[in-house]
Amino acid sequence: MKKGKKKSLSAFSILMIVLAAVCLITLLASGQAIDSDIIKSLDPGKYEDLINAVKAGETVTVQSASLSDFIMAIPNGFMDAADLIIFILCIGGFIGIVMSTGAMEAGIRSLVRKNKGKEGRLIAVLMFLFSVGGSTYGMAEETIGFYPLITAAMVAAGLDTMVAVGTVLLGAGAGVLGSTINPFATSAAMGALESVGIKSNATTVMIIGVILWLSTDLIVIKFVLNYAKKLLENKESSILSADEKNAMEEYFSNDNGEELEFTGTHKAVLTVFAITFAIMIISLISYVDINFHGDEEAYLKAFGWSDFLTGSPLGYWYFKDLAALFTLSSIVIAIVAKIGEKEFVDGFIAGAADLLSVGLIIAVARGITVVMSSTHLDFYILQNSAKLLRGVSPFVFAPLAYLIYMLLSFLVPSTSGLAALSIPIMGSLAHQLGYDPNIMIMIFCGACGLVNFVTPTSGVVMGGLAAARVEYSTYLKWVKKPFFIVMIANIVILSIAMAIM
């Protein structure tokens, strides 16, 4: 008698289980008091009401999540992540228009032909470029737009969708883990540290960031290249399930053996495509911090002219601005390719529909964060994490802090949000114990970056997997080896840094 086919849980089911677990934990921790010093160290702009309540003598406690909190988590997640979801849908529409011109398919085939036998070099170069984006400006959610292109290219080269996931997710993730001038990680953490009167050291942060970045990048590039080599030697070595292979063939394999002419129109469309992504990258770099040392007035004098398109100058763009950029570029491509009005609208809607599931997953993931914040469970976990670090030896402090930040990052997937919430406490603790608080910033970056390789509460992970049609359980099985190797390497590097600096 044949056994029934084992079905893996969908991303939605996994996230709903996590949401339910978080709600249950709030019931168990209900009424637990939060240290007033933790509340006073928070950002007054975001937590003014809580800070005022503590100053008035009130005690902040963990609140029980109600049934309505659970039911409303997803709608609240939609509202909290609205700008990101709009960006995802617009970039989906943009990809849909590009695909409808045939330029993407023709360009990919041309790229694959030119790199025949050099697939490894292509993967390594792409992963390094993604890591540069991750380290410098926190390239994460922005990578979702690259999945259709990279996945189709890898499949056309005889590889599979998992290689594409590794190229994009691990490539950019290695850079975020080793953040150097990332405004959402290192800059946010340094600002949070200075908010409690402790001077940060950009040189220390940069040096440790580069070491973490390059060591992690080497590890993940080698891992992806080894897997790709096995695939090229034997397609049966693919880790994908039968259903995932069928999805790969349906969505990403368009090679019917016919030769496609790479026309002038195709080249023009892909030129607009490339320019659009270049503008996206340029628009997200924090020039005010990197080039003007926080002097906003000097920055606006130099870059103020660039606000003509969205109302915000380059360097101040975010997801709403990017959504407008990709919508405008879709129209430009339609004009270049002479696409009719009805065909354009239908193509844009179809493209947006392809990434709708990604937007839904991001909304559910964000809903978990909303519940954590509204019940103050995040404060409670942070408070107890800080207590664990007191009194431990120097050889235990860095590894334990790293593991604690892995937990905190799972619960609060926003790096900038977690920096503002935790660094005033954890950085101050390191300073009090005689350790370099700048190393604590890099412990935060390293642990957050590693968890963002796998966490289901991150729209980056679940969204990327959904875009590549890869199941979360399959990805976890595949990524576990580099995950633990990177974790050990990070802990060794950070422990040495904590001991000598």
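Tutor: A residue is buried when its relative accessible area is under 20%, exposed when over 50%, and partly exposed in between (1.4 Å probe, protein chains only). This is a predicted model, in which local features need pLDDT of at least 70 and side-chain atom pairs count only at pLDDT 80 or more, while totals for chains, interfaces and linings use all residues. Residues are numbered from 1 along each chain as its sequence is written, and side-chain values use heavy atoms, without hydrogens and water.

Student: How many residues of α9 are buried?

Tutor: Helices are DSSP runs (H or I, at least four residues), numbered from the N terminus. In helix α9, 17 of the 17 residues are buried, so the rest of the structure largely encloses this helix.

Student: What distance does α9 reach from its first C-alpha to its last?

Tutor: The expected span is 1.5 Å times one less than the number of residues. Helix α9, residues 161-177, reaches 23 Å, close to the expected 24 Å. Just after α5, Gly102 takes a positive phi of about 80°.

Student: Which residues have the most contacts inside the largest nonpolar core?

Tutor: Such a core joins buried Ala, Val, Leu, Ile, Met, Phe, Trp, Tyr and Cys residues through side-chain atoms within 4.5 Å. Here the largest one has 168 residues, and Met280, Tyr405, Ile443 and Tyr475 have the most contacts inside it. Helix α24 (residues 472-500) gives the most to this core, namely 12 residues.

Student: At what angle do α11 and α22 pack?

Tutor: Axes are lines fitted to C-alpha atoms, for helices over the stretch in contact, and angles between N-to-C directions run from 0 to 180 degrees. Helix α11 (residues 202-233) packs against helix α22 (residues 437-451) at about 35°, with the axes 9 Å apart. Among the residues that meet are Thr204, Val205 and Ile208 in α11, and Asn438 and Ile439 in α22.

Student: Is Lys230 buried or exposed?

Tutor: Lys230, in helix α11, counts as exposed because its relative accessibility is 52%. Lys230 and Asp43 lie 50 Å apart in space, C-alpha to C-alpha, and 187 residues apart in sequence.

Conventions:
Helix = DSSP H or I, 4+ residues; strand = E, 2+ residues; numbered from the N terminus. Contact = heavy atoms within 4.5 Å.
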